[in-house]
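Student: Could we take a close look at one part of this model, the place where the ligand sits? I would like the cut-offs spelled out as we go.

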Amino acid sequence: MSTTEEKFSLGEVLVSFKSCLVDDDKDVLVEHYLNGWKGLVRFMNGLGTIFSFVSKDAVSKIQIMENYLKGENGERYRTLQSMVEYEVGSSLVDLTKRGNHPESGCRTILRLHRALRWLQLFLEKLRTSTEDSKTSTLCAEAYNDSLANYHPWLIRKTANVAFLALPVRNTFFEVMNVGTTQQVVDMLGEAMPYVSKVYDVTQELYSQHNLLELP
Ligand SMILES: CCCCCCCC/C=C\CCCCCCCC(=O)N[C@@H](COP(=O)(O)O)[C@H](O)/C=C/CCCCCCCCCCCCC
């Protein structure tokens, strides 16, 4: 997987999340979902080694899912819906405690799904931020209101220290390779509904199957 060499483009991430949604926006294509994450990881890698502990975890989860997609049951992992049907129907998910299936697709996607909520909050904060807003504060607020609820104290502490190393808003926007601040804000505005839709469809799917608390 190429996560470091290619230049980040917010536009490509937007296209990935946009093209995730199929079947009248009721289902999510796993390949495109992972492409969205790969683009984001590329962005994060460009921010320096301080984020490598986050990057490693995201990459390993993307890799788990890519292995399923490439595997003999790859077709079952084409969409989140087909993955849930297959894994739950074949008892391939540890539902209450970690057992024989510690790396099921369902629990792996759940971790990324929770991170997507952080992303959703962070992008919205960036979109509505002002010139003097601090990216570190926006990122920390988004994290503390979402993903942090699932992390132990040490990870929360480490993450909040790492956020202090985030570049200032202007530099942050430049690395997105979109153009002027207004163009970044416009593209974030365009991206948000797709990210939110992907989040909502996944949340509904996991809720229907009682999968939101997988160990
Ligand atoms: C459009 C550009 C602006 C936004 C750019 C954002 C780039 C973000 C790229 C990737 C996000 C990271 C996704 C992290 C997934 C974390 C999944 C998780 O919760 N894993 C934990 C649980 O896993 P299991 O142990 O149960 O398998 C794991 O313990 C976590 C380890 C690492 C720490 C995760 C800290 C998350 C902080 C998220 C903020 C990233 C900051 C990026 C700054 C732009």
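Tutor: Happy to. The ligand is surrounded by 25 residues, where a residue counts as near if one of its heavy atoms lies within 4 Å of the molecule. Asp57, Lys61, Arg107, Arg111 and His151 are the closest. A word on the source: this is a predicted model, in which local features need pLDDT of at least 70, side-chain atom pairs count only at pLDDT 80 or more, and totals for chains, interfaces and linings use all residues. Residues are numbered from 1 along each chain as its sequence is written, and side-chain values use heavy atoms, with hydrogens and water left out.

His151 has a side-chain N or O atom 2.7 Å from a ligand oxygen. For Arg107, a polar side-chain atom is 2.9 Å from an oxygen of the ligand, and for Arg111 the corresponding distance is 3.1 Å. The protein buries 90% of the 970 Å² that the ligand exposes when taken alone; these accessible areas come from the Shrake-Rupley method with a 1.4 Å probe.

Which elements build the shell? Those giving two or more residues to it are α2 (30–45), α3 (52–70), α5 (105–127) and α7 (153–163). Helices here are DSSP runs of H or I with at least four residues, numbered from the N terminus. With six residues, α5 supplies the largest share of the shell. By class, 20 shell residues are nonpolar, one is polar and four are charged; nonpolar covers Ala, Val, Leu, Ile, Met, Phe, Trp, Tyr, Cys and Pro, charged covers Asp, Glu, Lys and Arg, and the others, Gly among them, are polar.

Phe43 and Phe172 have ring centres 5.1 Å apart and planes at 70 degrees, so they pair edge-to-face. Because Phe43 lies in α2 and Phe172 in helix α8 (residues 169–175), this pair ties together parts 129 residues apart in sequence.

Terms used: A polar contact is a pair of N or O atoms within 3.5 Å; within protein, one must be able to donate a hydrogen and the other to accept it, and residues adjacent in sequence count only if both atoms are side-chain atoms. Rings of Phe, Tyr and Trp (its six-membered ring) pair if their centres lie within 6.5 Å; planes under 30 degrees apart count as stacked, over 60 as edge-to-face and the rest as tilted.
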